[in-house]
Amino acid sequence: MAMPRTLAEHDYKAPSKESRTPFKWANGEELWTFLGSHPQRAMNMVVGMKSLSSGSLAGNAYPFGEELAKLNIEDEVAIVDIGGGQGHIMEEVRKNNPGIKGRIIIQDLPSTFEAVTGPPPGVEFMPYDMFTPQPVIKAHVYYYRHIIHDWNDESCGLFLAQVLPLLKEQPKSKLLLVDLVLPDMNVSMQQSIRDFTMFPIGGLERSEKQWNALLNRNGLKIKKIWRESEPEACVECAVL
Ligand SMILES: C[S@@+](CC[C@H](N)C(=O)[O-])C[C@H]1O[C@@H](n2cnc3c(N)ncnc32)[C@H](O)[C@@H]1O
């Protein structure tokens, strides 16, 4: 009901948070603010995100152990996981790479941290709205997993702009974005379903061409696409 109605209202253009998404039509609020006022649903969301990533594959698209070992990290911030939910990905990263030194910080909305018990061992929670200036400067890695696909290009531009000045000041810091990178042709049924699932909240999965377009218009480019056993890829970015 919400999908056909909102699509017709907006001339069959892809929904965005500005144009009012099908989710907002059905629930009165956008997903992330809705979760803030519905703690039980927020709990369901974080539990769901964790179960999606279970099976010890979580976070393995990027070889954190090998790559961070090259950086000579001591007690500074090794990784900031922005929109990291209950910290399940970084919990796995710590477990699978005991040699990683430095702090690992999970940033998310205060309502997310109120809904979960935590943080898991070896990581810290920091309430933070990613549309505001990034408070952790000089981290070695800024990591966004399953975040880009939640938003349209305009919104992604707004939160990427919060980290771009830090990358310019500290060229050694890495920006890692983890989501599907769809093929241009022959998208599988599973990939199509995942793309379509993001539609009601104003998000989408992107092809490499769409990733390039998104990054280029925000002063960034693809440095390398890392792949492992996850269907998701890790897009390592560089400043243009
Ligand atoms: C799809 S989940 C991804 C969770 C985790 N990164 C993963 O890969 O399983 C999106 C996360 O973004 C968070 N989020 C949404 N809006 C946010 C904002 N403005 N600032 C910080 N986090 C936000 C949500 O609370 C949620 O935890």
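Predicted model: local features only at pLDDT ≥ 70, side-chain atom pairs only at ≥ 80, totals over all residues.
A residue is called buried if 20 or more other C-beta atoms lie within 10 Å of its own, exposed if 12 or fewer do, and partly exposed in between, with the C-beta atoms placed from the backbone. Residues are numbered from 1 along each chain as its sequence is written.

Helices (H or I, at least four residues) and strands (E, at least two) are DSSP runs, numbered from the N terminus. Helix H6, residues 88–96, is mostly covered, with seven of its nine residues buried; these are His88, Ile89, Met90, Glu91, Glu92, Val93 and Arg94.

Strand S4 (residues 141–145) is largely enclosed by the rest of the structure, because five of its five residues are buried. Burial extends to both faces of S4, with Val141, Tyr143 and Arg145 on one side and Tyr142 and Tyr144 on the other. Two strands are said to pair if DSSP finds at least two bridges between them. Strand S1 (residues 77–82) pairs with S4 in the parallel sense over four bridges, and Val80 stands opposite Tyr142 in S4. S4 also runs parallel to strand S5 (residues 174–179), to which five bridges join it, and here Tyr143 stands opposite Leu176 in S5.

Around the ligand there are 18 residues, of which Gly83, Gly85, Met130, Arg145 and His146 come nearest, a residue being near a molecule or strand if its C-beta atom, placed from the backbone, lies within 6 Å of it.
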